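Subject: Handing over a structure

Dear colleague,

I am passing this structure on to you, and below it you will find some notes on what was found in it. Please read them with the model open beside you.

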Amino acid sequence: MIKEFSVTQITEYIASIIKRDYVLGSVCIKGEISNCRESSGHIFFTLKDGNAQLPAVIFNYAKALGIKCRPRDGIMVKAGGYIGVYPQAGRYQLYCSVLEEDGVGSVYEQFEALKAKLNAEGLFLEEHKKQLPKYVRTLGVITAENGAALQDIINVSRRRNPHLKIIVYPATVQGNGAAQTLIAGLKRMEKIRPDCVIIGRGGGSIEDLWCFNDEELARTVYNCTVPIISAVGHEIDFTIIDFVADRRAATPSQAAELAVYEYSAFKSELVEYHSRLLTDMLDCIRSTRDMNSRYILALKNFSPQNRLDNYKMRSAQYSEKLEHELKKKLQNYRYNLEKYDSQTENAFHNKLTGKKHLLELMKAKLDGLAPTNKLEQGYAYVTDSEGRNIDSIDKVNNGDTINILVKDGTINASVIK
């Protein structure tokens, strides 16, 4: 009968066998580092060659004196230490205490060569990257149908916006032919035209993520007219499409947060905008009413009827004032007239008497100078037939008729000589 063992017992047994093996107790292994990550001061990575992989760990990296280089993906190293069993995972691994760099791995060289080529062509330039829409109503997702990345994206998206429409294109995200399914997904999404597309998967080794370093896929991402977020692996994982995509997210969950707006915050923002708009409208209405009242008052002040009323009032005031002044002056005139009436009458009488006397004197003087008075003294006054005075012989000719006025009549005569 076969003896029964628990998982712990069989694991401890295998660990004891490996521990007693003198070859595995001290080994130096040459390989390429991939899937390197740091946690709690320890470094975990994978050593690989063309046919196999070996997990490795460096405990207390900062204190490991035999570590002459920092582990990073893509470099060739010589790693020294012992092979032991990690019971919790049920696997053997290299417990590394010595590490020396030994060149660059072929996979890493391929990655850097393609990166340099596409960068030189301008595929990584920020000016070519499209802005993500602020409000995404339809989200496209290209990833494995049953992967944890899809569930993370859906959970985060639904939590942020329960009304979001999600279109999933199930793609192969690892192994041969994976890049072609990703390209087919992008072309399909370009026909559907969602607001934004997330392409990616969860973390893994560089080999697991290698399909996202495909050149044709990178060019398809670059030429896509729909904004694309790359969400491949963990924060420390970088692939070619991370540099070509419009945005790179460290994880699929972060990609969902970048793409999907928070609906509750959006509603709060709408409420705030509504309140601000209402306040602004009420302020505008109050301001317009105040301005309208000022305009109405100004129109009243400058209206023709108001100005005419003002002129009528001022005219009435002026008329009243003028009438008052006239009455006052008339009273003064009457008073002065009554005051000087007797004096004026006497002055007028005396002046009239004087004028009469002067007139008599002037009459007497005129009478003394009158030509008719001279006729009484024997003189005569000679005129022509028209009654014009003749005071010279040059004014008459022979045969002219003349009139000679004497004191008692007129003599008609004719000029002989």
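Arg 193 counts as partly exposed, at 46% relative accessibility, where buried means under 20% relative accessible area, exposed means over 50% and partly exposed is what lies in between, computed with a 1.4 Å probe on protein chains only. This residue is located in the loop between helix 4 and strand 8 (196-201), and its phi is positive, at about 65 degrees, although Arg 193 is not a glycine.

Before going further, please keep in mind that this is a predicted model, in which local features need pLDDT of at least 70 and side-chain atom pairs count only at pLDDT 80 or more, while totals for chains, interfaces and linings use all residues. Residues are numbered from 1 along each chain as its sequence is written, and side-chain values use heavy atoms, with hydrogens and water left out.

A positive phi is also found at Asn 35, about 55 degrees, and Asn 35 is not a glycine either. Asn 35 belongs to strand 1 (residues 27-39), and with a relative accessible area of 27% it is partly exposed. Helices (H or I, at least four residues) and strands (E, at least two) are DSSP runs, numbered from the N terminus.

Five strands form an open sheet with parallel pairing, in the order 7-6-8-9-10, where two strands pair if DSSP finds at least two bridges between them. Strand 7 and strand 10 (247-248) stand at the edges with a single partner strand each, so one side of each has no neighbour in the sheet. Within this sheet, strand 6 and strand 8 are joined in the parallel sense by four bridges, and Gly 140 stands opposite Val 197 in strand 8.

Thr 138 is part of strand 6 (residues 138-143), and at 19% relative accessibility it counts as buried. Leaving aside residues up to four places away in sequence, Thr 138 touches Leu 164, Lys 165, Ile 167, Pro 194, Asp 195 and Cys 196, contact meaning heavy atoms within 4.5 Å.

Helix 4 lies across strand 6, strand 7, strand 8 and strand 9 (228-232), and runs at about 145 degrees to strand 7; axes here are lines fitted to C-alpha atoms, for helices over the stretch in contact, and angles run from 0 to 180 degrees between N-to-C directions. How do helix 4 and helix 5 pack, and at what angle? Helix 4 (residues 178-192) and helix 5 (residues 215-223) have their axes 9 Å apart and pack at an angle of about 15 degrees, which means that helix 4 is roughly parallel to helix 5, a term for angles under 35 degrees. In that contact, Gln 180, Leu 182, Ile 183, Leu 186 and Glu 190 of helix 4 meet Glu 216, Leu 217, Thr 220, Val 221 and Asn 223 of helix 5.

The C-alpha atoms of Asn 176 and Gln 305 are separated by 96 Å, the two residues being 129 residues apart along the chain.

Elsewhere, strand 12 (residues 401-406) and strand 13 (residues 409-414) run antiparallel and are joined by six bridges, with a hairpin of two residues linking them. Ile 402 stands opposite Ala 413 in strand 13.

Key:
Parallel < 35°, antiparallel > 145°, perpendicular 65-115°, else oblique.
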